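Dear colleague,

I am passing on to you the structure we spoke of, and the notes below set out what was found in it. Please read them with the coordinates open beside you.

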Amino acid sequence: MQVLKFGGTSVANAENINKVVDIVRMALRKGPTVVVVSALGGITDTLLQAGALAAAGDESYKEKLQLVEQRHLDTVKCLLPLTRQSQLLSLVKTRCNEIEDICNGVFLLNELSARTQDKIVSYGELLSSQIIAARFSASGHANAWKDSREVIVTDSHFGYAAVDFPATDARIRHYFDGAKDDLFIMPGFVAADGKGITTTLGRGGSDYSAAILAAALDATVVEIWTDVSGMMTADPRLVANTRLIPRISYQEAMELSHFGAKVIYPPTIQPVMSKNIPVWIKNTFAPADQGTVIESDSFRNGNTIRGISSIGGIALLSLEGSGMVGIPGFSKRLFEALSSEKINVILITQGSSEHSICVGIDQPNASLAKDCVDAAFDHEIQTGKVEPLIIEKELSIIALVGDHMKSHPGISGKMFGALGRNGVNVRAIAQGSSERNISAVIATRDVKKGINILHEEFFETTYKQLNLFITGTGNVGSRLLDQLRQQQAYLQKMLRLQVRVIGIANSKKMLLSDEGIDLNSWKTALAAGSPMNLESWLSGIMSKNLRNAVFCDVTANAEVAGCYDRLLQKSISIVACNKIACSSPYGYYKELKDLSREFNSLFLFETNVGAGLPVIGTLNDLLRSGDKVTRIEAVLSGTLNFVFNNYHAERPFAEVVRQAQDEGYTEPDPRLDLSGTDVMRKIMILAREAGEKMEMEEIRNESFMPASCMQGSVEDFYAAMAKEEDHFRQLYQAAERAGKKLKFVARYEAGKASVGLQHIDPQHDLYHLYGKDNVVLFYTDRYPQQPLVIKGAGAGAEVTASGVFADIVRTARV
């Protein structure tokens with residue numbers, strides 16, 4: 001004997017029922033078969049709604065019942081030939097009249113008891129099973145329809161009745177021992193108490209019905225046919241790239257189903273486990289798919305974790321007080337109080353100090369729990385030994401499940417480390433001594449993020465996903481997007497890194513996409529985006545609450561830089577091309593560094609100094625390895641180096657500066673470069689990274705620019721430079737006469753910093769510096785005479801974008 005159960009989606013309509021008929025016919029080749037069916041998809045909910053409306057005195061319950069009747073009548077007409085419809089249509093109408101009579105009584109009384117509700121919802125399975133039995137008969141396959149209420153005996157706990165297994169097993173065996181058919185059709189979910197009054201086995205109870213029948217009949221197999229191809233490593237609605245679990249143990253399946261895996265009803269496992277009957281989870285709409293088999297042996301497939309699940313709507317109750325320490329009986333009284341109100345405890349955790357105990361319950365019971373627990377501990381609360389019960393709501397439980405976790409140390413550390421790095425706060429932890437389940441209570445808003453984090457950590461060995469938000473699409477930003485597009489396939493293949501650009505914004509428009517933005521058409525998509533609003537942009541990023549999130553600032557905007565603290569506190573890493581944050585007052589710079597450490601998020605700004613050159617990274621490596629910086633000399637402005645390498649007093653200084661701007665080497669306002677302000681920012685950032693507490697006002701700036709050039713607009717600036725050409729010519733000629741070159745040099749030593757135009761002789765390391773190159777000389781305890789030199793292109797959109805790109809990749813490799 002084999003038992004096949006078909007869920008609501010599998011029997012939702014005539015088309016699906018015909019699929020069920022085909023599956024059953026194939027199964028019959030293996031031997032006698034019991035088919036257990038749910039109500040047509042959605043009917044149970046509609047019947048519940050009708051009962052609730054009737055109890056509320058709302059006559060629209062009749063409309064709900066009309067929908068129920070019409071749905072079944074239409075199904076019969078689609079399934080059966082005209083000559084066979086009459087009897088079944090009459091039965092449907094009779095059953096629907098009975099439902100209406102019951103609901104009329106509920107309407108008159110304005111009362112819906114659990115017993116009456118069970119009676120109303122039972123009609124869903126009774127009708128569907130009789131329709132399916134008739135479909136088999138019409139196709140020439142004899143079958144026996146059997147009312148499950150005649151064989152499954154329960155107590156009178158309506159809505160979630162407990163099965164009397166000795167009586168049930170005896171009735172099932174008695175019926176089937178005398179049966180001659182090879183096909184039996186039975187309604188799931190329904191049963192009856194000892195007096196024959198209709199009960200139900202709880203929502204999802206059709207699975208349980210199948211398991212009860214299988215255990216009593218010593219069936220060879222139970223097949224649960226649903227709309228998914230087996231149990232998955234996580235909820236596919238939350239995780240995009242879940243995997244099928246081909247084999248799983250009874251205990252693992254119970255753990256996953258208890259913590260929210262909807263594929264199988266939790267009580268289903270117990271009856272078949274005692275008889276060692278395998279349970280297959282199969283897909284009605286893809287019957288050839290492998291599915292999942294639940295069996296006694298725990299299959300080793302290389303993964304320590306079998307699956308990840310979650311359950312929402314949790315409230316955490318905390319009973320705390322110094323009067324609990326060392327006093328036996330507190331836990332007993334807490335659980336007795338909850339039990340007296342029939343409040344189920346889902347999770348328990350208690351510290352060894354005995355100062356507090358936490359339990360997780362269904363959130364709807366939170367107020368009732370507080371009342372009963374505070375009443376039970378009223379004396380202790382009044383005397384200050386115990387605090388009134390503390391309730392936290394809007395929580396969920398996420399759980400790792402796997403039989404083999406106990407033989408692998410470090411699973412818990414890996415779990416909580418991954419959650420912590422992504423800013424998911426764990427409120428409570430529970431783990432049994434079997435180590436089959438590690439549960440964590442987290443905020444409900446973090447569930448999707450948390451499950452994706454854990455799934456990536458334990459299952460996605462193929463690649464890590466990075467979720468990127470880019471602010472700024474100017475020269476550098478657009479080049480960055482082009483580089484990302486070009487390298488996406490390479491990153492996924494070679495670094496196992498999937499970079500998804502989830503958001504792009506510039507000064508005019510902003511665009512967010514959960515699925516990721518196609519980088520082949522980002523300009524068109526952004527043009528059709530929403531008007532840019534910085535607050536809305538930040539709120540959108542934070543509300544998405546994605547794992548491995550990175551905010552990339554490719555602007556020179558002070559407002560954007562002023563928002564880094566909020567993002568870091570949400571565990572969103574920052575990659576900043578924008579120098580404003582790191583050159584702002586020291587307090588904000590330090591706050592950002594501290595927040596980065598506190599919230600396990602990276603704050604990277606390599607391109608703040610030297611564009612794509614590894615200046616800051618090298619400095620940090622020196623310091624981390626124990627070296628000490630004693631002096632820094634540097635040419636840090638690619639713009640100024642370009643200008644003085646190309647100015648020979650043969651063409652106007654203003655023209656050379658204009659060329660630098662046209663080629664993308666300058667800041668949007670070139671005065672930031674020529675005034676030395678940008679170089680001051682850079683040497684201050686290096687000094688700060690070297691451990692110096694320094695402000696801009698402390699840096700000496702020996703500017704070579706006449707004051708007249710620093711007034712008005714950018715065009716005024718160019719006009720003024722033209723007028724001051726003699727000044728610039730004299731600077732050049734003075735250096736030339738001395739056989740030296742002009743370089744704008746930044747210097748840091750002994751806590752002091754300065755910037756200014758200097759004459760550099762041919763023997764100096766800074767002399768042979770061409771084009772737009774930068775050079776940084778680090779003098780340290782380990783490099784006292786011959787400095788560590790970093791040299792290369794220090795300006796240009798392409799190299800700067802590549803430096804930003806490198807920082808983005810670094811955020812994923814921690």
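How much space lies in the second largest pocket? In this model, which is predicted, about 680 Å³ of space lies in the second largest pocket. Of the 35 residues that line this pocket, Val 476, Cys 577, Thr 666, Glu 667 and Pro 668 are the closest to its centre. The elements that give two or more residues to the lining are H15, helix H22 (638–646), helix H24 (671–674), helix H25 (677–689) and H28. Sorted by class, the lining of the second largest pocket has 12 nonpolar, 17 polar and 6 charged residues.

Two of these elements, H15 and H28, also pack against each other. The axes of helix H15 (residues 475–494) and helix H28 (residues 797–812) come within 8 Å and cross at roughly 50°, and H15 and H28 are therefore oblique to each other. Their crossing is right-handed. On the H15 side, the contact is made by Asn 475, Val 476, Arg 479, Leu 480, Gln 483, Leu 484, Gln 487 and Leu 491, while H28 brings to it Ala 797, Glu 798, Thr 800, Ala 801, Ser 802, Val 804, Phe 805, Ile 808 and Val 809. The residues of this contact of H15 with H28 divide into 10 nonpolar, 5 polar and 2 charged.

H22, another of the elements that line the second largest pocket, has a helix contact of its own. H22 and helix H23 (residues 653–662) pack at an angle of about 135°, with their axes 9 Å apart, which makes H22 oblique to H23. H22 passes H23 in a right-handed crossing, and the contact is made by Thr 639, Phe 642, Val 643, Phe 644 and Asn 646 of H22 together with Phe 653, Val 656, Val 657, Gln 659 and Ala 660 of H23. The residues of the contact of H22 with H23 divide into 7 nonpolar, 3 polar and no charged.

The structure holds 1 cavity of 30 Å³ or more, and about 50 Å³ of space lies in the largest cavity. The largest cavity is lined by Lys 449, Phe 469, Ile 541, Met 542, Asn 545, Leu 546, Ala 549, Lys 570 and Ile 572, a lining that has, by class, 6 nonpolar, 1 polar and 2 charged residues.

With best wishes

Key: Residues numbered from 1 in each chain as written. Predicted model: local features only at pLDDT ≥ 70, side-chain atom pairs only at ≥ 80, totals over all residues. Heavy atoms only, no water. Axes fitted to C-alpha atoms, helices over the stretch in contact; angles between N-to-C directions. Helix = DSSP H or I, 4+ residues; strand = E, 2+ residues; numbered from the N terminus. Parallel < 35°, antiparallel > 145°, perpendicular 65-115°, else oblique. Left-handed = near helix turned anticlockwise from the far one by under 90°. Contact = heavy atoms within 4.5 Å. Nonpolar A, V, L, I, M, F, W, Y, C, P; charged D, E, K, R; others polar. 1 Å grid on protein atoms, 1.4 Å probe; cavity = no way out; pocket = protein on both sides within 12 Å on 5 of 7 lines; lining within 4 Å. Points joined across faces, edges and corners; volume = space filled by probe spheres on them.
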